[in-house]
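Biologist: Could you walk me through this one? I'd like to go question by question, starting with where the chains meet.

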Amino acid sequence: MGQVTLRGIGKRYGSTEVIRGIDLEVQDGEFMVFVGPSGCGKSTTLRMIAGLESITAGELLIDGKVVNTLHPAARGTAMVFQSYALYPHMTVAENMGFALRMAGIGAAERARQVGRAAEILRITELLARFPRELSGGQRQRVAIGRAIVRKPSVFLFDEPLSNLDAALRVDMRIELTRLHADLGTTMIYVTHDQVEAMTMGDRIAIFHEGRLAQVGAPLDLYHRPANTFVAGFLGAPRINLIDCPSAHHALWQQWLQCQADRPSAGRAAPSRLGVRPEHLQVVPVGSGVPATVVMAEHLGDCSILHVQVAGIAGLFNLKSVRDSGTFAAGTLIGIAADAASVLAFDADGRRLA
Amino acid sequence: MRQTAAALLQALARRDLAAASRILTDVLPVRLSPATVPYVLISPFVLLFLVFSLFPLVFSLYLAFHVWEPTDGLAAMTYVGIDNFRFALGDDWFWKSLGNTVWMALASGVPQHLVAIPLACFLNSGLGRGRDLAVGVFFLPYITSTVAIAILFSSLFSTDYGLINLALAHLHGIPLLGTLLPAQPVDWMGRPENIKPAISLIVFWRYLGFNVVLYLAALQTIPGDLYEAARMDGAGWFRQFWFITLPSLRPMLFFAVTLSVIGGLQLFEEPFILTGGKGGSDQAGMSTAIYLYRTAFDFNDFGAASAMSWLLFFLVAGLTYATNRAFRPRAGSQ
């Protein structure tokens, strides 16, 4: 079992309120990702679940039992730290068996359980080594192994991959996803990396300024963001947003038209419109809204064009799969949004439809 | 002059020895080739080292195998082989001084570390802003002149007027506790059985702050998330101290204990001043360093004193090696 319930969880340091009432239900066996920009409260929330930070408001329940003041070791959670936090003077086996030793489990049983966890993570040959003799990826495995050995009902990961290089990060991402599938244990995973969030999570909880901006399945959040913050946070390059211009503008009109094509389009007049870069197309000059290429980034499989539209401050991003390589700075093009792809937001940033 | 020095430093910073040699040739009476410049520049240190460090070292080894009457000049040396060592090893006072030294080194050294580590942990976690002030207070005795400390403690330990005996007299009036304490004023510096404890207390007090600073520095390098991981693993404060703090302090423990071993075995100033340079009644406060000083300058036997100093050196070296074996970190963990 490993159901985690947050009811109005809050945290304040003196007069500073950093978590402002989080309500969230993490189902047993779910892979939940907490994501958000720096300082949004995702790590603090995780540490409150772990018991490393006190909870100043609300209730935290694990498997239906209030655990607000329960000792970290008694909550049935295990944490993997960003820095790995391996004990430098203990071997890998001693590191992994430390919690069992603290629980008074005998050496033989410890060795058996550590050995089994090491097999799962394929680090059996590392058991006699010390942390400083391991590479970053190996240390990460040991840290995960230390968590597995405790047989927790909830795994807590605090940005576990951010100290690894890019290639290793991709490998570990896949490995962690597989580990979740094998163990079937609830995992709560904090990251600031939206690729990790999108690829690993059953559901994503997006944090913004100490509150939950939106909770949902990754693609739901991508296609149906609750507000401009979520729309802007997910997706790279960022979504293109324009405010309702005071004067009549061709681009606004074009996007408004596309937005009206959405089957779910509401009645209210939007005050902001957004189009993701992959839904903006290059069209022959004259047929779309005229724009000037300011910079073109050719990535091989696609090109990212940064274009300027006369009368609107800021640049627009286009992700173009075709015609890559033919656009240079200064080229005049036309741009047009895909039908039914435009998101509309009200004055407070909430999505209209 | 200052401009010349600045120009010289700049030339050296560029590793331009040719320019440095031109600048030096202008101010020195001799011409220097670029290749000799480095040697000229390090010569002040080398000369001082040769005269005040290396020469005494070699000369004392030479002396250890000779009998010498210094007032008759260098010609009055007679080679005696290992007689000086044989004399030292057969000398009751030498063994007594070694016993005193080890006694005081243990009695002042062991508590230093047993108190300094918990104290450093407390200062590290418990005090917040007052920490720097507290560290400064503990460190103060270390930078105070030994003579001043000795005078202060002579007054504190005074039999008739000392604060320590005054306090004991007051405590004696308390029921139960009072019966454990002496009824008469204690003759701290006069009676042989009291001298070593009194000196050890002073040495302990003097070097405690130094050790606290060492351990505090080491404590501040232990990552906080190790303690968080240990908390998640179910370790309470004592087991966090035992399994995280102490092993993490091990390199510093090795360093600090080594300093205590070396310093304790070379103990000289405190007992020398407190016992008037003689070692106290029944030589109870005579450390080996005091005895070999007396052998040389009171008894005029420089050869035997040199032999003793080399014997003391071998003891220090041996114990430092033993300390290394006992406290060095596990292979691979550092």
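Biologist: How many residues does the contact take from chain A and from chain B?

Modeller: Bear in mind that this is a predicted model. The contact draws on both chains: chain B puts in 18 residues, and the number from chain A is 20.

Biologist: Which element gives the most to the side of chain A that touches chain B?

Modeller: Two elements of chain A give two or more residues to that side: strand S6 (77–80) and helix H2 (92–102). The top contribution is three residues, and it comes from H2(A).

Biologist: And how do the residues on that side of chain A divide into nonpolar, polar and charged?

Modeller: Start with the charged ones, which number three. Two are polar. The nonpolar residues on the side of chain A that touches chain B come to 15.

Biologist: On to chain B. How far apart do the C-alpha centres of its domain 1 and domain 2 lie?

Modeller: The domain assignment of chain B gives domain 1 as 2–63 and domain 2 as 86–327. Between the C-alpha centres of those two domains of chain B, the distance is 41 Å.

Biologist: What share of the residues of chain B count as buried?

Modeller: Buried here takes 20 or more other C-beta atoms within 10 Å. Of the 334 residues of chain B, the share that counts as buried is 29%.

Biologist: How far apart are the end C-alpha atoms of helix H5 of chain B?

Modeller: H5(B) covers residues 92–126, which is 35 residues. At 1.5 Å a residue it should span 51 Å, and the model agrees with that. The end C-alpha atoms of H5(B) are 50 Å apart.

Biologist: Which residue just after H5(B) takes a positive phi?

Modeller: The phi there is about 65°. The residue just after H5(B) that takes it is B:Gly128.

Biologist: Which residues touch the most other members of the largest nonpolar core?

Modeller: That core has 100 residues. A second, separate core has 51 residues, including B:Leu123 and B:Ala289. In the largest core, the residues that touch the most other members are A:Leu156, A:Ile188, A:Tyr189 and A:Ile206.

Biologist: Which residues is A:Tyr189 in contact with, leaving aside neighbours within four places in sequence?

Modeller: A:Tyr189 belongs to the largest nonpolar core. With those neighbours left out, its contacts are A:Phe31, A:Met32, A:Val33, A:Phe157 and A:Met200.

Biologist: Which two residues does a cis peptide bond join?

Modeller: A:Pro237 sits in the loop between helix H8 (228–233) and strand S11 (240–243) of chain A. Omega is about -5° for the cis bond. The residues it joins are A:Ala236 and A:Pro237.

Biologist: A:Asp63 has a positive phi without being glycine. Is it buried, partly exposed or exposed?

Modeller: A:Asp63 is in the loop between strand S4 (57–62) and strand S5 (65–66) of chain A, and its phi is near 50°. It has 16 C-beta neighbours inside 10 Å, so A:Asp63 counts as partly exposed.

Biologist: And where is A:Glu209 found?

Modeller: A:Glu209 is a residue other than glycine with a positive phi, near 50°. It is partly exposed, because 15 other C-beta atoms lie within 10 Å. A:Glu209 is found in the loop between strand S9 (203–208) and strand S10 (211–216) of chain A.

Notes. Residues numbered from 1 in each chain as written. Chains lettered and ligands numbered in written order. Predicted model: local features only at pLDDT ≥ 70, side-chain atom pairs only at ≥ 80, totals over all residues. Contact = placed C-beta atoms within 7 Å. Helix = DSSP H or I, 4+ residues; strand = E, 2+ residues; numbered from the N terminus. Nonpolar A, V, L, I, M, F, W, Y, C, P; charged D, E, K, R; others polar. Domains from an automatic or database assignment. Expected span 1.5 Å × (residues − 1). Buried ≥ 20, exposed ≤ 12 C-beta atoms within 10 Å, placed from the backbone. Core = buried A, V, L, I, M, F, W, Y, C linked by C-beta atoms within 7 Å.
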